[in-house]
Amino acid sequence: MASDKKINYFARNFLDVRTELFNFIKKYYPETFQDFNDASIGTMLVELNAAVADMLSYNTDRMFQETQLDYAQEKKSVLNIARTMGLNVPGKRPSVSIVDFSVNVPVLGDTFDIRYAPILKFGAQVLGGGQTFETLEDVDFSEPLSNGGIPNRLVLPNINAGGTITSYTLVKREFVVAGVSQVYKQTITASEAIPFYEITLPDTNVLSIEQIITFPGTNLQGNPTLNQFVDPTLRWYQMDSLMEDKVFIEDPNRITDNPSITAGKWINTNRRFIREYTDKGFCKITLGSGNSDQVNFDDYVSNNNFALRMGDFINTTAMGEIPKVGDTMYIRYRVGGGAQGNVGINTLNTNGSYQMEAQGPNNQINQTVKASLKCNNPVPAFGGADAPSVEHIKKMVRFNFSSQNRAVTLKDYMVLIDKMPGTFGIPFRNNVSERQNKIDIAVLGLDGGGKLTTSSTNSLKENIASWLADYRMINDYVEVRDGKVFDLGFDVDVYVDKSFSKGQVVSGVISIISEYFNIQKWELGDNIYLSQLMEQVNNVAGVLNVVNFKVFNKTGTNYSSNVTSQQLVDQTTLQIDLQDDFILFAEYDSMFQIRFPQKDIRVKIKE
């Protein structure tokens, strides 16, 4: 009987299967077939079966291989593994740069007429090197700070031959990102209003999904305005997962104490989507899976609370909402990017399409201000890269740890603060510590002159607290407060070579000390090692030796009121005792700076 016949399942290649088939025939069918000559019909049939078995074995191995990260070869398989591991693989990455936008505004008294300071709407394009870059936020020329509170405006007077100021040039330095905005329109019919409906955009170089909005109606003409795209009542929100139900948005009901910082809050939303890239390079958007059905039975249930309880069972919006039949969906996305976007300095100097608002009382002057817009990038564009290769994705998966979006360690708090959207404020420096079972977050900002300030806006601190509220552990108490700034002064005595100009030596020493204390180089809580600074001062051209080096903690009207806890030599002058280590010790919530270098660094020359 066939069930009594034994088959060797370990034969996997052609030769082994051929040998096993011959042995099988010889053992169980010795009288039926005896011609094992290579030219016989029987041998042909055996070898044909061995070839089929070899191919099946090969494809079985390949199918299993594609499920293993180390051996998978197809991009589709690697992307599936990445999604399983919780990694959202990016597509092309855009290059970024800084562009100086400038406009000319009229004079009013002894300054510029702020009424004519315009607003350049987000999405303004600058061109150069065959590439297009766009702004991601409004550029408000009336504000000295960027969205987030960073000083970024320069005011330059324009003087005629007679020495009279005829106008002012306002220069705003803003980030721009490579890419061009496109709008995709999708009418929602019954075939689209299904759970987890997927929309694949027609471009293979999609950088990001900027906004998605829906309008009732199917015969809409033209594209929505920029203001409609950011209208929270129309928007759908991008999430890392459809199970997430909260998004951090602008809070119009909270008054901000800094016009450069937007007040923010968390809201629950069912209108959400996720973005993924296919193995062919297309961007795929996946919408939610449920409907809000309460309206269908409100007329039949008089008790609203009872209706809500019923809605708990039939409303399946836990993974997002299905768009409504009869609506029109508009998807605003950006295309471009890649390594070719890394253009050089002074390349982005041509205006593309843009919208600008000027609200001065004279419309003719408004038009003149708009027409005066110029742009240029003082730094090269960088960061652009093509979509990751299969090997790159493998490494990303291998070293990726799926984020739990929770603040458990102090480092988690630091990372989450940095992830807060810039429009809600950006602390210049921040640090986190645990004090008396409390998460203590210290922040420092910059004033209009680019100096450290111990008075960050309340709006920024409230935004950080609100942002962290959805991530912190339930038993963590979080306090956000201003850090400390220690203003410093220096007395430096140096021996110099008589052949060198004293003025050049003094200027060189001041420059070296100022650059060493450049706040861009230091973090909150960093100690300052002055022995390294003294070595640099000794290397200034003309300096033979540093014979005296004193550091003072400056306080007073124009300085911070903070006094270091480090031991002082003199309580009146607040000279800091450096001892033998020559170190300025910082606390975890403090930073050092020289507020007025030309005044606070005093250099004495000895020949």
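Rings of Phe, Tyr and Trp (its six-membered ring) pair if their centres lie within 6.5 Å; planes under 30 degrees apart count as stacked, over 60 as edge-to-face and the rest as tilted. On that basis, Phe490, Tyr516, Phe517, Trp522, Phe549 and Phe582 are joined by ring pairs into a cluster. This is a predicted model, in which local features need pLDDT of at least 70 and side-chain atom pairs count only at pLDDT 80 or more, while totals for chains, interfaces and linings use all residues. Residues are numbered from 1 along each chain as its sequence is written, and side-chain values use heavy atoms, with hydrogens and water left out.

**Confidence**
- The chain has a mean pLDDT (the predictor's confidence in each residue, from 0 to 100) of 86, and 93% of its residues reach 70 or more.
- Among the elements of the chain, mean pLDDT is lowest in helix H5 (residues 304-314), at 54, and highest in strand E21 (residues 374-376), at 96.
- Where pLDDT is low, the predicted coordinates should not be read in detail.

**Aromatic pairs**
- The structure holds 17 aromatic pairs.
- Trp266 and Trp467 are stacked, because their ring centres are 5.2 Å apart and their planes stand at 20°.
- Trp467 is buried (under 20% relative accessible area; exposed is over 50%, partly exposed in between; 1.4 Å probe, protein chains only), at 7% relative accessibility.
- Phe486 and Phe592 form a tilted pair, with ring centres 5.6 Å apart and planes at 40°.
- Phe486 is buried at 1% relative accessibility, and Phe592 is buried at 4%.

**Charges over rings**
- Lys599 lies over the face of Phe596, 4.8 Å from the ring centre.

How values were computed
Helix = DSSP H or I, 4+ residues; strand = E, 2+ residues; numbered from the N terminus. Lys NZ or Arg CZ within 6 Å of the ring centre and 35° of its normal.
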